[in-house]
Amino acid sequence: MKLRVSAVQYHLHTIQSFEEFAQQVEHYIKTAQEFDVDFVLFPEFFTTQLMSIGNEKGQPLTIQDLPDFTDQYRSLFIDLAKKTNMHIIGGTHVIRKGDRLYNVAHLFYPDGRVAEQAKLHITPTEVKEWNMSPGDGLEVFETEKGTIAMLTCYDIEFPEIVRMAKAKGADVIFCPSCTDDRHGFYRVRYTSHARAIENEVYVVTTGTVGSLPTVDFMRANFGQAAVITPNDIPFPPRGILVEGEINHDMIVTADLDLELLYKVREKGSVTTWRDRRTDLYPDWK
């Protein structure tokens, strides 16, 4: 089984309307479509760009206002997924359930279905400044191109949750991310490599670039897309199929061969998944 993936280094800048946001999204989608892509990944928190639209008084919107765009966001991506026959991981969007805010990754299927995975590990800034709540469960998602999981940014820094995703059958981890400096970026990047090696899976990650000068905590972004592999003979020595230029507005594309994962798990130079010492530490199911 082979699949082609694209990851968007989404350029954040001030906009005046939802229509501007939709046009920018459609630009990236059409670019991926020209490469005959099966999956396209957008970054975490890229819909915070909508907060720059502001209110009738010219003031920027707050995180509490972002869920008001949920219906428009979903309609836009459902329509694009159906039109292009692609699976779209629409980055993350903040939704409201009851009186709580959740940072939720969305998978838009070509047939119009929508799957959700709330971020499970919340950073101190998300808790303190935006009062985010964590999700309460991990799911994996079946597609005609294989089984995937969506783990957002900070989630990838916790080995247990990726073990669980692999145990549930995920071969590809999509990791939308948003980091504001090199330290945060490399935490996500290095642990993405570790998770790919530990679990013999692909990790597709990307982040926001650009700036939203009027939106608190989105003024600085440091991002780069990458498609990351295990480090074994069938794969590139550095474990990178493709990566973008840091902080550039662009999209990267690569082909994933799931058969290579299965071969490495069975007869690789190392077989990290098979060689787990579950007599010494817990298994993850």
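Start your tour by selecting Glu-198 and Arg-195, whose side chains form a salt bridge with an N to O distance of 2.7 Å. A salt bridge here is a side-chain nitrogen of Lys or Arg within 4 Å of a carboxyl oxygen of Asp or Glu. Before you go on, note that this is a predicted model, in which local features need pLDDT of at least 70, side-chain atom pairs count only at pLDDT 80 or more, and totals for chains, interfaces and linings use all residues. Residues are numbered from 1 along each chain as its sequence is written, and side-chain values use heavy atoms, leaving out hydrogens and water.

Helices (H or I, at least four residues) are DSSP runs, numbered from the N terminus. Is Arg-195 buried or exposed? Arg-195 is buried, because its relative accessible area is 6%; buried means under 20% relative accessible area, exposed over 50%, and partly exposed in between (1.4 Å probe, protein chains only). Glu-198, at 24%, is partly exposed.

Stay in helix α5 and pick Thr-191. With a relative accessible area of 18%, Thr-191 is buried. Which residues does Thr-191 touch, leaving aside those up to four places away in sequence? They are Ile-156 and Glu-157, where contact means heavy atoms within 4.5 Å.

Next, select Glu-126 and Lys-119. Their side chains meet in a salt bridge at 2.8 Å, N to O. Glu-126 is buried at 4% relative accessible area, and Lys-119 is buried too, at 1%.

For another pair, go to Glu-243 and Arg-238, which form a salt bridge at 3.8 Å, N to O. Arg-238 counts as exposed because its relative accessible area is 56%, while Glu-243, at 30%, is partly exposed. Side chains of opposite charge can pair when their charged atoms come close. How many salt bridges does a search of the whole structure find? The search finds 16.

For the last stop, select Glu-34 in helix α1 (residues 18-34). Glu-34 is exposed, with 67% relative accessibility. Draw a C-alpha to C-alpha distance from Glu-34 to Gly-135: the two are 35 Å apart in space and 101 residues apart in sequence.

Note on methods. Helix = DSSP H or I, 4+ residues; strand = E, 2+ residues; numbered from the N terminus.
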